[in-house]
Amino acid sequence: MGKKSTKSIFWCLIVILALCGMILVLLATSESSERSAAVKPDEKELAADKNEGADKKEEAVYVFAQKTGALQKLRVNPWDCEAFCVYTKDAEAAKRGEFLLEGMETFETDAYALNNLIRGVRSLMLYKDLGKQENKVEYGLEPPRMSVTAWFENTEAATFAVGGNAPSGGNYILYQDHVYVGRNTSWVDTRPLTLLDTTVISIQDSSIGVQTERLAFDCLTIQNADITEPLVIRPNPDSSQIYAYRIEEPVRGFGNDDAIDSILNLVKNLEADHVAAIVEDKTDLSQYGLDEPQNVLTITTKASGTHSLRAGKKTEDGWYVMADDKKVVYLVGNDTVSVWTEKNAMDIRSPLILVPKLQEVSSLVIQTDERVDRFEIDLQEGAAEKQVMNARGRKISVELFRQFYQKVIGLQIYDTWVSEIGQDAYMVIEYQYYGENKKDTIVFYNIQDNERTCLVHVNGETVGVIRKTTLDELVRAVGEISQ
C-alpha cells in the first residue's frame with residue numbers, strides 16, 4: 001500500500017471520530033435539556049437551597065417594609081368563598097387595633113383572629129426566588145389558593161397570590177411575576193366566619209363577687225325533646241332550705257342544685273368551636289334545625305333582662321346553636337350543650353320529695369292502713385332539753401332518730417306519668433313546722449292495676465311515682481324505732 005493511500009485512510013478515521021464526538025455532544029445536550037424540563041417544583045426549590053448556601057449574602061424579600069404604618073384596608077380573595085375586606089374607620093382606630101369586616105359591621109369580631117391575619121400579611125417574608133415560571137399550576141398558583149391586596153400607611157398597595165404548600169414549609173407565593181417560597185403563612189386558611197367572635201352567650205351581673213358564687217337570676221325555663229312542657233325554675237325564696245332552687249311548673253318541687261348550677265354556668269359564658277353560618281331568614285335556619293327548635297333555654301336576670309338559647313341539629317362535631325336575636329349560627333361541642341339538651345325532668349328535679357331541716361320540724365306523722373306513728377320533736381337551739389318523743393310518750397335518742405329521719409327524707413321518686421289512681425292512700429306523711437301552723441302533706445296513692453308503685457302527691461300536686469318497696473322499708477324502720 002502506498003503512502004498516499006495510508007494518508008487517506010488516516011484522514012478518514014479522523015473525520016469519523018470527529019463526527020462521533022459531535023453526535024455524543026448532541027445526545028448529551030438533548031438529555032440535559034429533557035432533564036432540565038422535567039425538574040419538579042420541589043427539585044427547583046432544592047436547587048435554590050444549594051444556591052442560597054453558596055451565596056450567604058442573599059436576603060429575604062419583604063412584601064411590606066418592616067416599618068410600614070397601620071393597616072388601612074386588606075382585601076382577601078380565597079379560592080373557595082367570596083372575597084372579604086378588613087378595614088378601619090380611621091387612623092386612631094387602627095392604632096387601637098379596631099378593625100371591621102366589610103358588610104358585617106354589626107357582628108362582633110374576634111380581635112385576636114383579626115390581628116393575627118393582619119400581622120401575618122404584614123410580616124410575610126419571601127425567600128428562594130424560583131424566578132418566572134410559565135407553568136404556575138405546579139405551584140398551586142393557577143388558580144391561586146388565595147390572592148391578597150393590602151394598603152398600609154406610608155407605603156403603596158401591594159398584591160400577591162398564595163399557592164400550594166412548599167416541601168420545606170410555608171407556601172409558594174407569586175409576587176411581581178416571580179415565584180417564591182413564603183414564610184409566616186399560617187393565616188392562609190382564614191375565612192370571614194373565622195374572624196367573628198365565638199361567644200354565643202355571656203351573662204354576668206354585679207351580684208357575682210367570686211367565681212364559686214351562683215348566678216343571680218329571676219327565672220329559668222328549660223325545654224328539650226324529653227321536657228316537652230317547659231320547666232320553670234326560680235331561686236328558692238326560703239334560704240333556710242337545703243335546696244337553692246324550686247321548680248314551679250309544670251309541678252312544684254325542689255330542683256337538683258348540681259344540674260341547675262351546671263346549666264347556669266353554661267349561660268355565664270358559652271363559647272362556640274366556630275361560627276357555622278350567618279342566616280337571614282327562616283329558610284336558611286331549617287338546614288340547621290333552628291327554624292322550630294325543640295331545645296330552648298331562657299333566663300331572666302335583673303341586670304341583663306331576658307336571654308334565649310336555642311339548639312337545633314346535632315352532628316358528630318357538635319350542636320348548631322343560636323342566641324337571642326343574633327343571625328349567627330354557632331357550632332358548639334356535644335358535651336357542652338348536652339348539659340341542657342339531653343336532660344329529662346327528673347335530672348333537673350330533686351329525686352327526693354321533701355328535705356325539711358330536722359330543727360324546723362315540730363312533729364312528724366306517718367300513717368298507713370295498719371298503724372299511725374307520731375313523733376314530737378324539739379331540737380331547737382333554745383330548747384331546754386333536746387329530745388324526740390313518740391305518741392306513746394316514749395323518749396327516743398336524738399342520734400337514733402336522726403338515722404331514721406334520713407330514711408324519711410330520702411324517699412326517691414321517679415318521673416310522673418298519667419295514670420288512674422285509686423281512692424285509697426297507701427301511706428300519708430305529714431310534717432308540722434314551728435310557727436304559723438305550717439305543714440306539708442305527702443300522700444302516696446295506690447295505682448289501679450299496678451301493685452309495684454304509688455303516685456306521689458305533695459300538698460295536692462302530683463310530683464312523680466315511687467316504688468312500694470321503698471315505702472315498705474320505711475314502715476319497717478318506723479316499727480323498729482318505735483319499739
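Trainee: Leaving aside its neighbours within four places in sequence, with which residues is T221 in contact?

Mentor: Contact means heavy atoms within 4.5 Å. Beyond four places in sequence, T221 is in contact with L231, V232, V296, L297 and T298. This is a predicted model, in which local features need pLDDT of at least 70 and side-chain atom pairs count only at pLDDT 80 or more, while totals for chains, interfaces and linings use all residues. Residues are numbered from 1 along each chain as its sequence is written, and side-chain values use heavy atoms, with hydrogens and water left out.

Trainee: In which strand does T221 lie, and does T221 count as buried or exposed?

Mentor: Helices (H or I, at least four residues) and strands (E, at least two) are DSSP runs, numbered from the N terminus. Buried means under 20% relative accessible area, exposed over 50%, and partly exposed in between (1.4 Å probe, protein chains only). T221 belongs to strand 11 (residues 219-223), and its relative accessibility of 18% makes T221 buried.

Trainee: With which side chain does that of T221 make a polar contact?

Mentor: A polar contact is a pair of N or O atoms within 3.5 Å; within protein, one must be able to donate a hydrogen and the other to accept it, and residues adjacent in sequence count only if both atoms are side-chain atoms. The partner of T221 is the side chain of T298, at 2.3 Å.

Trainee: Which residues touch the most other members of the largest nonpolar core?

Mentor: In soluble globular proteins, nonpolar side chains tend to be buried together. A nonpolar core is a set of buried Ala, Val, Leu, Ile, Met, Phe, Trp, Tyr and Cys residues joined through side-chain atoms within 4.5 Å. Here the largest one has 71 residues, and V86, F160, L220, L309 and I348 touch the most other members. Helix 5 (residues 257-268) gives this core its largest share, six residues. A second, separate core of 39 residues includes F254, C454, I466 and A477. Beyond four places in sequence, the contacts of L220 include I260, I263 and L264.

Trainee: Which residues are buried in helix 9, and which are exposed on its other side?

Mentor: V398, F401, F404, Y405, V408 and I409 are the buried residues of helix 9. They cover an arc of only 135° around the axis, which puts them on the same side of helix 9. E399, Q403 and Q406 are exposed on the other side.

Trainee: Over which residues does pLDDT stay under 50?

Mentor: Where pLDDT is low, the predicted coordinates should not be read in detail. This score is the predictor's confidence in each residue, from 0 to 100. The protein averages a pLDDT of 81, and 81% of the residues score at least 70. Residues 30-39 stay under 50, with two contacts beyond four places in sequence in the model. Residues 208-212 are also below 50.

Terms used. The arc is that of the directions from the helix axis to the C-beta atoms.
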